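Visitor: Please walk me through some side-chain features, one at a time.

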Amino acid sequence: MKWLKNLEMIAQDKKSGTCPVCGSENTDYGFVVDDEKTSMGHGAVWCNDCQNGHHISRIKVSNGMKIKDIPKDIKY
């Protein structure tokens, strides 16, 4: 998986790292809570330059995770 290192960085340092597709450092990530009761949701990490990214499905969104709208034009 191309984005595995980025996901590890997010978990450890809350930084999204370098894009594995184009090499840009202009990357971001965010999580969306789909069910307030269970705190379950989804997320993504993406490159703002080449618009490639990786979708994270069914994740428990805990306190301290970056809640942010995910752009609609990301290529997964």
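Visitor: Is K66 buried, partly exposed or exposed, and how is that read?

Guide: Buried means under 20% relative accessible area, exposed over 50%, partly exposed in between (1.4 Å probe, protein chains only). K66 has 32%, so K66 is partly exposed. This is a predicted model: local features need pLDDT of at least 70, side-chain atom pairs pLDDT 80 or more, while totals for chains, interfaces and linings use all residues. Residues are numbered from 1 along each chain as its sequence is written, and side-chain values use heavy atoms, without hydrogens and water.

Visitor: How many salt bridges does a search of the whole structure find?

Guide: A salt bridge is a side-chain nitrogen of Lys or Arg within 4 Å of a carboxyl oxygen of Asp or Glu. The search finds two. One joins K66 to D28, at 2.4 Å from N to O.

Visitor: Which ring does K66 lie over?

Guide: A charge sits over a ring if NZ of Lys or CZ of Arg is within 6 Å of the ring centre and within 35 degrees of the ring normal. K66 lies over the face of Y29, 4.6 Å from the ring centre. Y29 is buried, at 6%.
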